[in-house]
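Thanks for asking me to look over this model. Here are my notes, written as numbered points so that you can follow them with the structure open beside you.

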Amino acid sequence: MKILHIGKFYPPFHGGMENFLRDLVQAQQAKGLDVRVLVHNHRGHKTVIDRDGEVGVVAVGTFGSLFFTPVSPAFRSVLKQQLAEFQPDIMHLHMPNPSAFWVMTLASAKKIPWVLHWHSDVVSSALDWRVKTAFRFYRPLEQALLKRAGSVIATSPPYLQSSVPLAKWRDKCVVIPLGMGEHRLVVSSQPEAGDWVETGLRVLAIGRLTYYKGFEYLVRAAASLPSVQINLLGRGERQRE
């Protein structure tokens, strides 16, 4: 079976979706499936065709980003080319990723079953009117993609129940928790205490330091409580705040 994954980026780009995508395709390849990945090139405007072990990776050139979305004029044409060349049996779309909407414009893509991997909802921003305006155009396309998909993978039961975009499509949703490749799990028999306090609540928070992660609410809540320590790990535009 041939599977074409469509994602936003791919390692060495740092991100939770990207690391999961790599672990997933490597596991599928190890099971004997023929896997290829189509993503954006986070390093420049050239389209790069490479391999990650036995997995083919096609990274389409980008010209910056707009509203957290890679600007990639060639994505549709490269997608069409990959469909003709690779001839996948299934397309696995990792959302959110506006470039995945191009599948709805290609006759060759409509002949193939789609699986949507719902990593997270896209939330309208009350802080940036430009993002709020763009969201009005995004939501109808998102719903059209969900309508056409054969199956939707949600990452947890609470997420499935609380997701507004998935509310109409729960009958085609299945919950599959996110996994991690065993090679990335390092367990120490002698854990180090580091700078943790000896008593009280200790919170380890990991994620991209951006407004929609909501880490500021965690920090404010901890500041009002005694004996709470937070270790926040991540990078992003709010790293210096």
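The points below go from the overall make-up to single residues.

1. First, the ground rules. This is a predicted model, in which local features need pLDDT of at least 70 and side-chain atom pairs count only at pLDDT 80 or more, while totals for chains, interfaces and linings use all residues. Residues are numbered from 1 along each chain as its sequence is written, and side-chain values use heavy atoms, with hydrogens and water left out.

2. Overall make-up. The protein has six helices and twelve strands; helices (H or I, at least four residues) and strands (E, at least two) are DSSP runs, numbered from the N terminus. Of its 241 residues, 40% are buried, where buried means under 20% relative accessible area, exposed over 50% and partly exposed in between, with a 1.4 Å probe and protein chains only. Taking contacts (heavy atoms within 4.5 Å) between residues at least 6 apart in sequence, 59% join residues at least 24 apart.

3. Helix α1. This helix covers residues 16-30, 15 residues in total, and spans 21 Å from first C-alpha to last, close to the 21 Å expected at 1.5 Å a residue. The expected span is 1.5 Å times one less than the number of residues. Which residues of α1 are buried? They are Glu18, Phe20, Leu21, Asp23, Leu24, Val25, Gln28 and Gln29. An α-helix has 3.6 residues a turn, so residues three or four places apart point the same way. Among the elements covering the buried residues of α1 are β1 (2-6), β2, β4, β7 (90-95) and β8 (114-118). After the helix comes glycine 32, with a positive phi near 95 degrees.

4. The cavity. On a 1 Å grid over the protein atoms alone, a cavity is a set of points where a 1.4 Å probe fits but cannot get out, whereas a pocket is an open set with protein on both sides within 12 Å along at least five of seven lines; lining residues have an atom within 4 Å of a point. Grid points are joined across faces, edges and corners, and a volume is the space filled by probe spheres set on the points. There is one cavity of 30 Å³ or more, and the largest cavity holds about 40 Å³ of space. Its lining is made of Gly7, Lys8, Phe9, Met17, Glu18, Leu21, His94 and His119, with the largest share, three residues, coming from α1.

5. The second largest pocket. Its volume is about 250 Å³. Strands β2 (34-40), β3 (48-52) and β4 (55-60) are the elements that give two or more residues to its lining, and β3 gives the largest share, four residues. The lining has 15 residues, with Pro11, Pro12, Asp50, Val57 and Ala59 nearest the pocket's centre.

6. Aromatic pairs. How many aromatic pairs are there? The count is two, where rings of Phe, Tyr and Trp (its six-membered ring) pair if their centres lie within 6.5 Å, and planes under 30 degrees apart count as stacked, over 60 as edge-to-face and the rest as tilted. Phenylalanine 9 and phenylalanine 13 are stacked, because their ring centres are 4.3 Å apart and their planes at 25 degrees. Phenylalanine 9 is buried at 13% relative accessibility, and phenylalanine 13 is partly exposed at 26%. Phenylalanine 101 and tyrosine 138 form a tilted pair, with centres 5.2 Å apart and planes at 55 degrees. Phenylalanine 101 sits in the loop between β7 and α3 (107-110) and tyrosine 138 in helix α4 (residues 129-148), so this pair ties together parts 37 residues apart in sequence. Both phenylalanine 101 and tyrosine 138 are buried.

7. Histidine 117. This residue belongs to strand β8 and is buried, with a relative accessible area of 3%. Beyond its neighbours within four places in sequence, histidine 117 has contacts that include His92, His94, Ile153 and Leu178.

8. Backbone details to look at. Most residues other than glycine have a negative phi, and most peptide bonds are trans. Cis peptide bonds join proline 11 to proline 12, with omega about 20 degrees, and methionine 95 to proline 96, with omega about 10 degrees. Glutamine 87 has a positive phi near 50 degrees; this residue lies in the loop between α2 (75-86) and β7 and is exposed at 55% relative accessibility.
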